[in-house]
Amino acid sequence: MSSTQLWRVAADAPLPEALTYSSDLPLQRGQLVTVPLGRGGRKVHGLVLGPTAEVPEFEVKAVDSIVEEYTPLPEPYVKWLEWLAQYYLHPVGQVFQSAFPPLRKSEKQRQSKRPPVIPQLEADSALDLTPEQKSCFESIAQHSQFSTHLLFGVTGSGKTEVYLRLLDKVLAEGKRGVVLVPEISLTPQLIQRFARRFGDKIAALHSQLTDRERTNQWWDIVEGRKSILIGARSALFCPIDNLGLIIVDEEHEPSFKQDEKLKYNGRDAAVMLGKLMNCPVVLGSATPSLETWKNAIDGKYHLHRLTRRVANRALPDIEVIDLRRLKDDDEEKQKLITKYSHLPFWLSPTLYERMQEVLARGDQAALFLNRRGIAQMVVCPSCGHTRECPNCDISLTLHAHSHLICHYCDYHENFKTKCPDCHEGQLEAIGLGTELLETDLTRLFPGKTIARADRDEIQSRADLEDLIGKMETGEIDILVGTQMIAKGLDFPKLKLVGLVLADVGFNLPDFRATERSFQLITQMSGRSGRHVKEGESPGLVIIQTFNTEHDSITFAKAHDFEGFAAHELEIRSALNYPPMGRLVSFRIQGTKLGIVEETARLLARRAHALKAQFPQQYGAIEVLGPAEAALSKLRGQFRYHLLIKSTQPAAANPFSRQLLGDQEWVPSGVKILIDIDPMSLL
C-alpha cells in the first residue's frame, strides 16, 4: 500500500518556483503529471522534480494523475531543464513544456499530401578526406567524454564531411547524435546530404513542420527508431538517451538565440547538455562568434583548423567598390557615368559589367541586400562619414528626421545636414529593399530568370526547396535575397556574388554590428565559386560600400578571420563588452509611455541601490541606462532598455534575480523582460 507523500512539481504556469503537491501515486523525478492550479483548480501539466519534506503553510492539493503516454525524462535532461530555468531566469514550469511533442500520440493519422520530412534518396558513400579533414576528424574522434571542440574551417573546406564521419563513428559505437543547424535556411540541402549517407536513421525537427510531423519525428527518436536528430535550436529539447555527440553547425548564427519567452542560446545550451550527458560537443563555423573564439584561444575548447577549400579550390576574389560620389573633374569617370546613365543608383558599372560577363557564360549571379536594418542610417555620400556616439562607439540612429540618438547611453544630438567631417557633403538617410532590386534587374536583364528569396517570398519549406532545386538545375540566372541566402547553401553554377550595400549592417545600434557584418560578408562570399576546378578562375565577390575602410570589409577582403577577431576583441576589452564581460538586458514595456518610462527609472534606482548595499558582491557591475529602445514602439508597446554589464561573470545572474525580486513593485500594465547574454539589443 502506497502512503501519501509530498512532491515538488513544476507546474506549467508563470511561477518562479515549483509548487508542493501531495500524492499516493508511484511518482518519480522527471514524470509528467496533471495537477490542479489556482482557486478554480484548472488542470495543467506539471513535471515532478522530486520528493520534499517541507510542509507549506497553505492547503496542499493532490496530484491529479500521471500522464501515462510519456516515460519519465532521463535524469540529465531534468537537470538540464532546471539549469535553463535557473540560468535564463525563466519559470521552470514553462521550460519543460518544450521537452514534449505538440500533439498526443494518436494511432489514427490522416494521409498527408506533404512530401516526407526525410526524403528517400540513393545512398552515397563517404568522400575521401583531405589531409586536414582527416587530422581534424582523428583528433576529435579521440574524445568520447564531454569536451567542446571548435571546427574552424573556411567556407567550402568540407566541415560537413567531418561531421558525417564523426556521426558514423558514434553510430558504430551504438550511440546517437544531434545536429543543430540555424533556422530553416540550411535544412533542405543538409537533410538531403545526411539522408544520402544515413538513410532511414534520421529524424528532423524544425519550424517548417506541421505539429503532426513534429510529433511523429519526436517519437521516432524517443522510441529509438532513429539515431540522428537534425534540427533547429528546439531539437535540443527532444530527450535522447545514449547520446554520443552534439554538433552545432554555423555556431555563430544569431538565430540560435530565442528572442521570446525562454531566451536561451541554443549553442550554449548544447554545450551544457553535452556536459550533463557526458558527450563531446562540436561547434563548426568559418566565422566563429567571438565568445567561442575566445574560449578556443584560451584553451577551454579544443581548436581544429581547416584552412583550405576541398580539392584546393581557390577562395573567391573579393573586389570592393567605393560608392562615394565620383569627382566631376575626372574625364574617364565622366565617360563611364554617361555610358551607364541608365543604371539605378544602387548598381555600380563594375558590378553590372561583371554580371553581364557571368550570365553570358551561362553561370549564375546572386545579389545580397540585408535590408533588415531597422532605422535609416545617416551617411555623407562625399566622404563616407557616419555619425557615432562619443561614449559608446556605436552608430547613432536618426529619429523623426530631427535628432540622432545612441540606444545605449541615451546620448542625443540634433541632426544637421552638413557633414561635420568633410564640411562639404550633405548627410543623407538612405534606404533600399530587395523588391526594388528585383524590379530594376528585370528591366536591365530582359529574358533572364530572376528569383527573390526573402521572408515575403519564401514562406514555407516547399517554397525554399523549390527555389534551391531551381538554383541547382540552373533554371534561375539571378538570385536576389536577404541573409536567408547567405548561409550554408551550395550552388555549383554560382560564380558571382554581389553585396549591394554592405553598409546596412555597419550602422545598427549594437556593439556586435561589426562582427555581424564581417560574418555576413564572409559567409555570403563563401557561396561564390565553390565548385571551381583547379586552374579555373575563382569565384568573384563584389562588395559595394560607402565605407571602404570599415574593419569588417578590410579583414573579409583578406580572408583574415583571426586578424579580425584579435582587433575586435581589443575594442570589446576596452569597453568590457562580451566576451570580455557579461551582459544582461532588461526590456521594460507597456502601452502607456509615462508609466513605462517611470518604471524604467525605478528599475535603474533599484539597481544602483542594490550595488550600494552589496559593494563587495556587486562592485564589478555597471548599470547603463535606462534609454529608449532602438525600436521604441513595437506592436503598440512602448519599450525602454536597461543594461547590466559585469566584469565578474558570476555576479550578473544573482544581481539580476535580486533586482527583479518578486516583481510586486512593478505597476500593472508594465512587463519587465529579462535577457541573459542578449544577442540583439534592438
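Good morning. The structure holds two cavities of 30 Å³ or more. A cavity here is a set of points, on a 1 Å grid over the protein atoms alone, where a 1.4 Å probe fits but cannot get out. Volume is the space filled by probe spheres set on those points, which are joined across faces, edges and corners.

Please note that this is a predicted model, in which local features need pLDDT of at least 70 and side-chain atom pairs count only at pLDDT 80 or more, while totals for chains, interfaces and linings use all residues. Residues are numbered from 1 along each chain as its sequence is written, and side-chain values use heavy atoms, with hydrogens and water left out.

Let me begin with the largest cavity, which contains about 90 Å³ of space. Its lining residues, those with an atom within 4 Å of a point, include Ile-140, His-143, Lys-169, Glu-173 and Pro-280. Which element supplies the largest share of this lining? That element is helix 4, with three residues. Helix 3 (131–141) and strand 11 (243–249) are also among the elements that each supply at least two. Helices (H or I, at least four residues) and strands (E, at least two) are DSSP runs, numbered from the N terminus. By residue type, the lining comprises six nonpolar, three polar and three charged residues. In that division, Ala, Val, Leu, Ile, Met, Phe, Trp, Tyr, Cys and Pro count as nonpolar, Asp, Glu, Lys and Arg as charged, and the others, Gly among them, as polar.

The second largest cavity holds about 40 Å³. Around this second cavity we find His-252, Ser-289, Glu-291, Arg-512, Glu-515, Arg-516, Gln-519 and Met-679. Four of these residues are charged, three polar and one nonpolar. Helix 13 (residues 513–525) contributes the largest share, three residues.

I turn now to the nonpolar cores, meaning sets of buried Ala, Val, Leu, Ile, Met, Phe, Trp, Tyr and Cys residues joined through side-chain atoms within 4.5 Å; buried means under 20% relative accessible area with a 1.4 Å probe, protein chains only. The largest core has 118 residues, of which Trp-80, Leu-81, Leu-84, Phe-586 and Ile-588 touch the most other members. Helix 1 (residues 75–87) provides the largest share of this core, eight residues. Leaving aside residues up to four places away in sequence, Leu-84 touches Leu-89, Val-95, Phe-237, Leu-262, Tyr-264 and Ala-269, where contact means heavy atoms within 4.5 Å. A second, separate core has 31 residues, including Leu-164 and Phe-194.

How values were computed:
On a 1 Å grid over the protein atoms alone, a cavity is a set of points where a 1.4 Å probe fits but cannot get out, and a pocket is an open set with protein on both sides within 12 Å along at least five of seven lines; lining residues have an atom within 4 Å of a point. Buried means under 20% relative accessible area, exposed over 50%, partly exposed in between (1.4 Å probe, protein chains only).
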